[in-house]
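Subject: Structure handover

Hello,

Please find the structure below, for you to take over. My notes come after it.

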Amino acid sequence: GVLVGNLIGQDHANYVLMYNMLTGIRIGVSRCQAKGKRPLTDADYTARHKFSFDIVGNELTPSVKYDFKFKDYAPWVFRELREYFYLDPSDYLISLTAKYILSELGSPGKSGSFFYFSRDYRFIIKTIRHSEHKFLRSILKEYHEHVKKNPHTLLSRFYGLHRVKLPRGKKIHFVIMNNLFPPHRDIHETYDLKGSAIGRLYPEDKAQQNPHATLKDLNWVQRHRQFWLGPEKKVLFEEQLRRDTELLQRLGIMDYSLLTGIHNLFKGNSEGLREDKLTVFQPDAVKVSRKATQVKRDADATALRKAVERSDPQALGGKHELPQTDSSERRLFIFYQDEGGMRATGDHNEELGVIYYLGIIDILTPYTLVKRIEHFFKGMKHNKHMISAVHPREYGDRFLAFIKSSIRGNDESIRPQMYEHER
Ligand code: ATP
Ligand code: CA
Ligand code: CA
């Protein structure tokens, strides 16, 4: 399965934070969810619900182990977003809060964010900077609009935005999002792809020792990796990627990447499980009859293909049936329907022995002053088109060109130039 972080026990430095986050979510989300559904208003996007928790408890909040304050941002908007992503409300709460167990994934980025997995690895809690928090609130309406029109979006799925304030005044903002990687499958290679060359090589000698390392663009290029997508998937994938990138460009976002996990069915899982034993390995909740899934899958793909042909963005928002079982929601999404990912296909759309787990992550960095300063300094040393801090329009064009050039059969010469000596 997935790489396991450090379980947070009572003696862990961040136990109190975890307790407060999960308590806030449990109370905040269930309060909002208990109310009848109603259409969103403009005020919902800027709304924040405050909760004050203490060890005594009061009419509004139950007694808890620690004193802290909690804010639930735009709860009605996120409630609707969770619905678009076919998350069952009780399922969501159970996964996160039925037992107070999270595991912490150190600090994988340079940003100082912390990542926590829910007990079942379906959800990731990421602590974010105040500026990222403000930014998400400012784009929430457009993000919501985009998700509504693009049910197959590859963008990070945000399920909630919250803040915990500790008694000494420390404020911690965090989002809850989808874990792109499945709990039941080994990821044999991981890439974080931006379409940039500068600083985009993970040392190969270190990579050999650490199979869980997140590799980068130049590793991908030097290893001659490609997305194997037959004609059918290719057109859908490219179209969705184009739409998502367009939104990120319009919102002035940069620094995002296509996180890609590769599962090789021939290698199987470290437990020695192979494809022929797949069904045994599926968590019960995910068991759906193969035939039913196939029908659903075909219908979905047809709908998106038609929308692509008509270039009709509205048509991409077509209604699906609600899933009957929990945690099967991913099966309704074209790029997440094969064991939670996207099966590689060949020239005749035949299935190949690889599953891709991918999505666009880290989408909360606007092109701000900081980036302009970075641009200025780096620009003196390097070709200005190759550093990562270019203008959002250029960043998006380069990102899209790189991913497209990485799809087998596409012309590699459309790949943005990546000079080895620039490393
Ligand atoms: P930086 O800004 O330095 O890139 P960051 O703290 O903003 O870092 P991200 O880029 O969001 O972090 O993510 C860092 C790593 O965490 C990714 O490379 C990936 O390994 C893991 N990760 C992030 N989001 C997800 C996700 N949705 N599913 C699975 N893994 C994820
Ligand atoms: Ca990143
Ligand atoms: Ca970041």
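Predicted model: local features only at pLDDT ≥ 70, side-chain atom pairs only at ≥ 80, totals over all residues.

Residues are numbered from 1 along each chain as its sequence is written, and chains are lettered from A and ligands numbered from 1 in the order in which they are written.

The protein chain has 12 helices and 13 strands (DSSP runs, numbered from the N terminus: H or I of at least four residues for helices, E of at least two for strands). Of its 423 residues, 37% are buried (20 or more other C-beta atoms within 10 Å of the residue's own, with C-beta atoms placed from the backbone).

Helix α8 covers residues 231–250. Its 20 residues should span 28 Å at 1.5 Å a residue, and the end C-alpha atoms are 29 Å apart, which agrees (the expected span is 1.5 Å times one less than the number of residues). Buried residues in α8 are Lys233, Leu236, Phe237, Gln240, Leu241, Asp244, Thr245, Leu247 and Leu248. They cover an arc of only 155° around the axis, so they lie on the same side of α8 (the arc is that of the directions from the helix axis to the C-beta atoms). Gly252, which follows α8, has a positive phi, near 70°.

Regards

Technical notes: Buried ≥ 20, exposed ≤ 12 C-beta atoms within 10 Å, placed from the backbone.
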